[in-house]
Amino acid sequence: MTTRTATTTADTVPVSALNLSRTTATAARVLRQLRHDPRTIALLILIPCLMLVLLRYVFDGSPHTFDNIGASLLGIFPLITMFLVTSIATLRERTSGTLERLLAMPLGKADLIAGYALAFGILAIIQSALATGLAVWLLGLDVTGSPWLLLLVALLDALLGTALGLFVSAFAASEFQAVQFMPAVIFPQLLLCGLFTPRSEMHPALEAVSDVLPMSYAVDAMNEVLHHTDMTSTFVRDVLIVAGCALLVLVLGAATLRRRTA
C-alpha cells in the first residue's frame, strides 16, 4: 500500500507548462553529456563543413553550378546531421531510463523538450555559422542577398532537423531503427524539395506532396536569398513555414513523452 501511494504521488506532481530554470538545467545537462562525446560534436560541427568543401571541388570546373546548389545544400546538410544526432542521442536517453527518471520528477514535458531543443539549438547555431561562413567567405559561394539571411535559414533548418529527431526517437527501439527513419523522413523531402528539378516540373501529385514538406520551403528560402538583393515576401513566408513546422514537431514530440503509472 505504501509503495502504491508513493508512485501515485510521483505521477501526480503538479508542474507548470514551462519553467525557464528547469528548461536551462535540462539544456545544461545535455550539453555536459555531449561535451564528453567528441565524435558526436565532430559530426555536428565538422561534417556539414566538409561536405560543402567536397561539393565545391566536385564542381571545381563549374563554379556557377556550386552557386546554384550550394545555397540549398547549406540548409540541407545541417538538417540531416541534426536529425541523425538528435534522434540517436534522445533514443539513448529513452532506452537508458534517463527520460523515465526525469519525468518522475517535478519536470514538465514542455521543460524537457524545450531543454533538449535549447541544447541542440546552441550547437545548431555554431554549426550553421561555421558552414555559412565557410561557404560564403572561403569557398566563394556567390549570393545576391545577405549572408545573414542564409545563416537564418540554415539555423532554422538545423532546428527543424532537431525537432524531427526528437519526434522520431519516440518510435524507435534501437539506434539502428532511429537511423532507419532517415529514408522515411528525410529522403522523400530531399528528392521533392526542388534541389534536383524545379517543383513546378514534377508530376502534379508529387508537386502537391512537396507543397506540404518543410524542406521544400527551406530550399525556396535559400533560392530567394540567392537571387534577390532584398528580403522578399516569399522569403518571409518560407521562413515562417519552416519555423512553424519546427515548433509543431516539437509539440508533437512533447506529446510522445509518457510517465509510467505502475
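Q: Hi! How many residues does helix 13 have, and how far does it reach?
A: Helix 13 (residues 233–255) has 23 residues and reaches 33 Å from first C-alpha to last, close to the 33 Å expected at 1.5 Å a residue. The expected span is 1.5 Å times one less than the number of residues, and helices are DSSP runs (H or I, at least four residues) numbered from the N terminus. This is a predicted model: local features need pLDDT of at least 70, side-chain atom pairs count only at pLDDT 80 or more, and totals for chains, interfaces and linings use all residues. Residues are numbered from 1 along each chain as its sequence is written, and side-chain values use heavy atoms, with hydrogens and water left out.

Q: Which residues of helix 13 are buried?
A: Among them are Phe235, Asp238 and Val239; buried means under 20% relative accessible area with a 1.4 Å probe, protein chains only.

Q: And what do those buried residues pack against?
A: They pack against helix 7 (109–138), helix 8 (147–168) and helix 12 (214–227).

Q: Switching to Leu150, what does it touch?
A: Leu150 touches residues including Ala71, Met222 and Val225, not counting residues up to four places away in sequence. Contact means heavy atoms within 4.5 Å.

Q: New topic: which element gives the most to the lining of the largest pocket?
A: Helix 5, with five residues.

Methods. Helices (H or I, at least four residues) and strands (E, at least two) are DSSP runs, numbered from the N terminus. Buried means under 20% relative accessible area, exposed over 50%, partly exposed in between (1.4 Å probe, protein chains only).
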